[in-house]
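Let's take a walk through this protein together, with the sequence and the 3D view side by side. We will begin at the surface, then turn to charged pairs and packed helices.

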Amino acid sequence: MTFQHKVVIVTGSANGIGKTAAIEYAKKGAKVVLADMDEEEAQKTLTAIKEHHGEAIFIPTDMRNPKEIETLIFKTKEVYGRIDILINNAGVSRWKSPYELSVEEWDDIININLRGVFLCAREAAKVMRQNQQGGSIVNIASTRALMSEQHTEAYAASKGGIVALTHALAISLSEDQIRVNAISPGWIETGNYEELREIDHKQHPANRVGTPLDIARACFYLTHPENDFVTGENIVIDGGMTRKMMYEH
């Protein structure tokens with residue numbers, strides 16, 4: 001599966017899932033645009049891409065700031081002339097009791113995780129619709145859109161919003177041949193995988209904790225032109241955990 005000459009924007013690409021997705025797209029021939037606030041870590045992603053002889057640029061972007069999102073899209077079009085794929089990955093997770101969560105904290109999470117996803121998708125679509133074959137957008141949601149732990153109200157609301165936004169955009173942008181899908185990851189270990197316990201792996205029906213590469217591969221599937229019949233979907237990638245009935249014994 002190649003993405004030769006495709007222009008791919010990956011938000012939140014300095015760390016974790018975004019970093020892996022950016023590197024893997026570059027390895028498959030894509031021209032990658034890194035969008036993140038963390039310049040130091042983004043430079044490390046750039047270095048990793050160059051080590052694999054890939055092509056990438058970094059555009060500092062705060063997902064809270066609509067003007068910076070517009071600048072991200074403008075500069076990408078200015079440098080590469082087109083946008084083919086957007087991986088809407090940037091987001092924050094903060095656990096806090098609903099009794100203590102402030103309005104400012106709620107707004108901050110929603111603005112980064114949900115409003116930012118909408119604005120990136122809208123602005124990128126304005127460029128994608130100029131392509132002969134449209135484009136593809138993948139929004140990274142979460143299994144927390146479907147099930148919850150304590151004190152995750154703002155995060156869960158933002159991710160649930162992403163799932164709903166995804167199928168709405170898929171319909172609205174269909175006339176411009178722009179496909180929109182979501183991925184809801186479960187436990188994806190972005191730290192030291194070797195430090196995980198056996199019970200961490202065995203509680204998953206897949207018998208292991210996920211890795212960022214699992215999500216990158218799903219992005220490949222959803223954004224490849226051969227899979228243009230898939231749109232408006234939310235693919236849960238969690239090793240089977242949301243299908244597992246759990247009781248305390």
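A residue counts as buried under 20% relative accessible area, as exposed over 50%, and as partly exposed in between, using a 1.4 Å probe and protein chains only. Tyrosine 99 has a relative accessibility of 81%, so this residue counts as exposed. You will find tyrosine 99 in the loop between S4 and H4; helices (H or I, at least four residues) and strands (E, at least two) are DSSP runs numbered from the N terminus. Tyrosine 99 is 52 residues away from histidine 151 in sequence, yet their C-alpha atoms are 9.2 Å apart in space.

A word on the ground rules: this is a predicted model, in which local features need pLDDT of at least 70 and side-chain atom pairs count only at pLDDT 80 or more, while totals for chains, interfaces and linings use all residues. Residues are numbered from 1 along each chain as its sequence is written, and side-chain values use heavy atoms, with hydrogens and water left out.

Now for the charged pairs. Side chains of opposite charge can pair when their charged atoms come close. A salt bridge here is a side-chain nitrogen of Lys or Arg within 4 Å of a carboxyl oxygen of Asp or Glu, and by this rule there are 13 salt bridges. In one of them, aspartate 108 pairs with arginine 94, and the closest N and O atoms are 2.6 Å apart. This bridge links distant parts of the chain, 14 residues apart: aspartate 108 belongs to helix H4, and arginine 94 to the loop between strand S4 (85-88) and H4. Aspartate 108 is buried because its relative accessibility is 18%, whereas arginine 94, at 35%, is partly exposed.

Another pair sits within helix H4 itself: lysine 126 and glutamate 123 are 3 residues apart there, about one turn of the helix. Their closest N and O atoms are 3.1 Å apart in a salt bridge. Glutamate 123 has a relative accessible area of 10% and is therefore buried, while lysine 126, at 37%, is partly exposed.

A further salt bridge joins glutamate 149 to arginine 144, with 2.8 Å between the closest N and O atoms. Both ends are partly exposed, glutamate 149 at 43% and arginine 144 at 23%. Salt bridges with shared partners also tie Asp62, Arg64, Arg94 and Asp108 into one network.

Let's move on to helix packing. Two packed helices are described by the angle between their axes and the distance between the axes. The axes are lines fitted to C-alpha atoms, for helices over the stretch in contact, with angles from 0 to 180 degrees between N-to-C directions. Helix H1 (residues 16-27) packs on helix H7 (residues 212-223) at about 55 degrees, with the axes 8 Å apart. H1 is therefore oblique to H7; angles under 35 degrees count as roughly parallel, over 145 as roughly antiparallel, 65 to 115 as roughly perpendicular and the rest as oblique. Residues in this contact (heavy atoms within 4.5 Å) include Ile17 and Tyr25 of H1 and Leu213 and Phe220 of H7.

Helix H3 (residues 66-80) and helix H4 (residues 103-128) have axes that come within 10 Å and cross at roughly 30 degrees. H3 is therefore roughly parallel to H4. Among the residues that meet are Ile69 and Ile73 in H3, and Leu119 and Glu123 in H4.
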